[in-house]
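Subject: Structure for your review

Dear colleague,

My notes on it follow directly after.

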Amino acid sequence: MQNFVFYNPAKMVFGKGSEKETGKYVKMYGGTKVLIHYGGGSVKKNGAYDAAVASLKAEGIDYIELGGVQPNPRLSLIKKGIQMCKDNGVDFVLAIGGGSVIDSSKSIACGALYKGENIWDCYTAKDKFTEVLPIGVVLTIPAAGSESSDNCVVTNDETGEKRSSATDLMIPKFAIMNPEYTFSLPPYQTACGITDIMMHTMERYFTQEPNVDLTDHLCEGLLKTMLNNGPKVLKNPNDYNARAEIMWAGSLSHNGLMGTGRIGDWGTHRMQHELGARFDITHGAGLAIIMPAWMKYVYKLNVPRFAQFAVKVMGVDYSFDNLEAVALEGIERLRNFFRSIGMPTSFKEAGLPCDHLEEMAEQALRYDSIGKFKVLTKEDIVNIYRLAAE
Ligand code: NZQ
Ligand code: ZN
């Protein structure tokens, strides 16, 4: 097993009515002047915004607000939020929404105290954030896991790049998670979230490290929980217990625990970010396109691991004589699962053009290498995009 440091201090406040605690926790972490940050309005429709504001008011906490975060959050709005923090003496950022809102909030919270000239330098490894305003979250979509992760992903609307920045500073102080607020999620967003949660687990599961029994079991359990509960919430969006299983899985998949002792791959995410930046496709949908292609491209490097996935997660019968067929059947079943929940699994199914694959591969490799299970060359990336074409 690899050495590791596991650190995740985010306080997870889970369940019905938890939103009423928002003000209490903001106060606990020193917030006196809050920037409330949210997206295109879903949180105003489903009551999450009103509940959080009522809780802040009950604690006598002052606030200003900035809405309008788009999926694949944009740097331009982040810069506006940073300026608002500076102009108004904001000392706490409260995200109400999903990964895009949380990531935008993380960037604002870091950017408000950043002393360099261009915060984009912290997304291209030229510089690092060293200070942050405390961040709190009211989560309304289980997907990105940003409510307990140490990173944020941002699209630079001037250059068309989508990049991430990571530091322990970005781990939110707390996350309020009431699964009832996820009842209003449309089926497509629900399915994208399910896919992203599975991907955060699979990016870690597909490792070349052999001695990771405990985390293998944790990953397999988490993935099976998603396979079991995903279809339930698509059939009955108000199934509280199934929504709750998915919401908790979303945080556990990306709070670092599943990756302890192993080296994750993350190539699928990096290749997907090019789709997100170029086509503005929803993150989970882009992952459903890339992951099966990546699996088919690399499985021969460790057939037993892919066969283990097929048997333990996808329910394929074990066959000692033909492990490769077992591994391939697992990949096919995963792809079929994505299709069954309404995800595209190819460029074609998503209506995306395939005419700039070389350029996308170059862009993906612009700042650093991609993949750990297999380090991918430009040619590999183009081949994977091609495999994902049909
Ligand atoms: O904008 P509003 O109106 O709020 O609508 C949102 C948005 O259109 C809607 N929504 C959210 N909660 C809802 C709801 N609609 C109805 N009812 C609710 N309860 O859902 C849409 C998508 O929201 P978004 O925040 O974009 O979703 P998600 O959580 O999937 O976040 C995606 C972003 O997170 C990044 C992705 O790259 C992408 O930019 N990621 C962040 C990570 C991290 N920080 O650790 C890791 C991930 O791998 C991912 O890369
Ligand atoms: Zn993701």
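Contact here means heavy atoms within 4.5 Å. Please bear in mind that this is a predicted model.

In that sense, Phe309 touches Met202, Tyr205, Phe206, Leu223, Met295, Met314, Gly330 and Leu334, leaving aside residues up to four places away in sequence. Phe309 also belongs to the largest nonpolar core, which has 63 residues. Together with Met198, Trp294, Met295 and Phe306, Phe309 is among the residues that touch the most other members of this core. Helix H10 (residues 283–298) contributes the most to the core, namely 10 residues. A separate core of 35 residues lies apart from it, and Val69, Ala112, Leu133 and Val154 are among its members. In soluble globular proteins, nonpolar side chains tend to be buried together.

Some nonpolar side chains are found on the surface instead. Met1, Phe4 and Phe6 form a nonpolar patch there, with about 330 Å² of accessible area together. Of these, Phe4 sits in the segment before strand S1 (11–14). With a relative accessibility of 44%, Phe4 counts as partly exposed.

I turn next to the metal site. Which residues coordinate the zinc ion (ligand 2)? The donors are Asp196 (OD), His200 (NE2), His269 (NE2) and His283 (NE2), at 2.0 to 2.2 Å. Along the sequence, the donor residues follow the spacing D-x3-H-x68-H-x13-H. His200 belongs to helix H6 (residues 187–205) and His269 to helix H9 (residues 267–279), so this pair ties together parts that are 69 residues apart in sequence. Both His200 and His269 are buried.

The structure also holds 20 salt bridges, and the following may be of interest to you.

Asp280 forms a salt bridge with Arg74, and their closest N and O atoms are 3.3 Å apart. Because Asp280 lies in the loop between H9 and H10 while Arg74 lies in the loop between strand S3 (62–66) and helix H4 (75–88), the pair ties together parts that are 206 residues apart in sequence. Are these two residues buried or partly exposed? Asp280 counts as partly exposed, at 42% relative accessibility, whereas Arg74 counts as buried, at 17%.

Glu220 and Lys312 meet through their side chains in a salt bridge of 3.9 Å, N to O. This pair links distant parts of the chain, with Glu220 in helix H7 (residues 213–235) and Lys312 in helix H11 (residues 303–312), 92 residues apart. Glu220 is buried, its relative accessible area being 4%, while Lys312 is partly exposed, with 37%.

The side chains of Lys378 and Glu362 form a salt bridge as well, at 2.7 Å from N to O. Lys378 is in helix H15 (residues 378–387) and Glu362 in helix H14 (residues 357–364), 16 residues apart. Lys378 is partly exposed, with a relative accessible area of 29%, and Glu362 likewise counts as partly exposed, at 44% relative accessibility. Finally, Arg163, Arg270 and Asp368 are joined into one network by salt bridges that share partners.

With kind regards

Conventions
Residues numbered from 1 in each chain as written. Chains lettered and ligands numbered in written order. Predicted model: local features only at pLDDT ≥ 70, side-chain atom pairs only at ≥ 80, totals over all residues. Heavy atoms only, no water. Donors = N, O, S within 2.8 Å, 3.2 Å for Na, K, Ca; no water. Helix = DSSP H or I, 4+ residues; strand = E, 2+ residues; numbered from the N terminus. Buried < 20%, exposed > 50% of the residue type's maximum accessible area, 1.4 Å probe, protein only. Patch = residues over 30% accessible without salt bridge, like charges linked within 9 Å, V, L, I, M, F, W, Y side chains within 5 Å. Areas by Shrake-Rupley, 256 points an atom, 1.4 Å probe, with all protein chains shown as cover. Salt bridge = Lys/Arg side-chain N within 4 Å of Asp/Glu carboxyl O. Core = buried A, V, L, I, M, F, W, Y, C linked by side-chain atoms within 4.5 Å.
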